[in-house]
Amino acid sequence: MAPFQRPQVATLYRRLAEPPRQLIALFGPRQTGKTTIVRQALRQIDLESRYLAVDEPDSAEIRVPSAATEATFLAPQVRDAEWLVRHWEEARREAEQLGGFVLVFDEIQKIPQWSETIKGLWDADRARDCPLHVVILGSAPLLMQSGLSESLAGRFELIRVTHWPFAEMAEAFGFDLPTYLYFGGYPGAVSSIRAPGQWRDYILDSLVQPNVERDLLAMTRVDKPALLKRLFELGAAYSGQILSYTKMQGQLQDAGNTTTLARYLHLLERAGLLAGVPKYAGQVHRVRASSPKLNVLNTALMTADSGYSFAEAQADRSFWGRIVESAVGAHLFNTATSDIRLHYWRDGSHEVDFVLQRGARIIAIEVKSGANKMSLRGMDEFKRRFSPRRSLLVGGDDISLDKFLTMPAHHWFEEA
């Protein structure tokens, strides 16, 4: 049986089969399969290639004397602009000799001034029409996006790699809907789901901790690292709920001002961990001032530290209802194209779980989780005030939850 391939593999293959016109950039959250995507595409393409992981040591040996004898060790080489240039020039020569070559840099953001260095090399290749394809990968989205947009504008094509949706986890690993809702979309954790302690440690120690304590701190200034971590923990615990910044301050020690909390929440969102979904108001200044609806971007981030086992989570209808709503919110956020905005709406006792906005068109989405008796008064009031292009009850008569989770956010505008 052929190994499962994410759709990005076919996209990357097509680009590598064409003459190089732009750099190809793949980036997204940790453990979403970026490296696997590249390796699968490279195995299919009829070109020689070189894959360089910036954060892994070289295999070159050096001899280091010890007190008793001389011992041989494997030592990592310094990754800097000079290292990048040297490997690029070697690949350039091979590309010109062979009529084509693929050079891949994984975790490129760990090289200082990487984007400025690549800009000069890429422009020189284009001037001489060099047939060298260059693919860059990174798991720190803010740093990657900053380097791409500031130094490499117009020189790259972005291939976005998001969390695995239900359809992919079902096809690749046989997940049914409850399993996906609780264990989320991390393929690397699949082998551990029958060992709850091991699975929990993988999510918290191999995913959350390096994301919060290493990636985010490396990509931007964070004056209160402990606060950033506690904010994520609070957001995961309150996923699916609206929580004002004032209430967050009350829950967090040394929380600082609301501006700091809003900035840290934005960092967590860009790292693919936690989103603060804004309120829909039809007016930009009111949206920015609203209390966010917290939503994990992979439900494993909500359940791993919840204290609930799989069976206990299903038995608690209120908690399971928040998992369902969080799964819908994560799916909409992760599949939304750049021109689609995700909101919620609430006014007094009236509430709509999610509102998709593309330009002047809006779509209202209510989630039937089974936790409480369903009331559609909020949806009715929203339709009266804003006249959405479409309203949708997920888990009800309109569409089942499992089917909804197979359709990207833009589908509903095409259908409307």
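## Basis of the model

This is a predicted model, in which local features need pLDDT of at least 70 and side-chain atom pairs count only at pLDDT 80 or more, while totals for chains, interfaces and linings use all residues. Residues are numbered from 1 along each chain as its sequence is written, and side-chain values use heavy atoms, with hydrogens and water left out.

## Helix 1 with helix 2

Helix 1 (residues 7–17) and helix 2 (residues 34–44) have axes that come within 9 Å and cross at roughly 45°; helices here are DSSP runs of H or I with at least four residues, numbered from the N terminus. Axes are lines fitted to C-alpha atoms over the stretch in contact, and angles run from 0 to 180 degrees between N-to-C directions. Helix 1 and helix 2 are therefore oblique to each other, given that angles under 35 degrees count as roughly parallel, over 145 as roughly antiparallel, 65 to 115 as roughly perpendicular and the rest as oblique.

The crossing of helix 1 and helix 2 is right-handed, a term used if the near helix is turned clockwise from the far one by less than a right angle. On the helix 1 side, Q8, V9, L12, Y13 and L16 meet I37, V38, Q40, A41, L42 and Q44 of helix 2, where contact means heavy atoms within 4.5 Å. The residues of this contact comprise eight nonpolar, three polar and no charged; Ala, Val, Leu, Ile, Met, Phe, Trp, Tyr, Cys and Pro count as nonpolar, Asp, Glu, Lys and Arg as charged, and the others, Gly among them, as polar.

## Helix 3 with helix 4

Helix 3 (residues 81–98) packs against helix 4 (residues 114–127) at an angle of about 20°, and their axes are 10 Å apart. Helix 3 and helix 4 are therefore roughly parallel to each other, and their crossing is right-handed. From helix 3, A81, L84, V85, W88 and R92 meet W114, T117, I118, L121, W122, A124 and D125 in helix 4, and by class the residues of this contact are nine nonpolar, one polar and two charged.

## Helix 9 with helix 11

Helix 9 (residues 225–237) and helix 11 pack at an angle of about 70°, with axes 10 Å apart, which makes helix 9 roughly perpendicular to helix 11. Helix 9 contributes L227, L228, L231 and F232 to the contact, and helix 11 contributes T260, L261, Y264, L265 and L268; the contact has eight nonpolar, one polar and no charged residues.

## Pocket and cavity

The largest pocket has a volume of about 1600 Å³, and of the 50 residues that line this pocket, R160, E269, R270, F333 and I340 are the closest to its centre. On a 1 Å grid over the protein atoms alone, a pocket is an open set of points with protein on both sides within 12 Å along at least five of seven lines, a cavity is a set of points where a 1.4 Å probe fits but cannot get out, and lining residues have an atom within 4 Å of a point. Grid points are joined across faces, edges and corners, and a volume is the space filled by probe spheres set on the points. Helix 11 (residues 258–270) gives the most to the pocket lining, with five residues.

The largest cavity holds about 120 Å³ of space and is lined by 16 residues, with W164, Y180, A330, H331 and N334 nearest its centre. Helix 15 (residues 317–335) provides the largest share of the cavity lining, five residues, and by class this lining has seven nonpolar, nine polar and no charged residues.

Terms used. Helix = DSSP H or I, 4+ residues; strand = E, 2+ residues; numbered from the N terminus.
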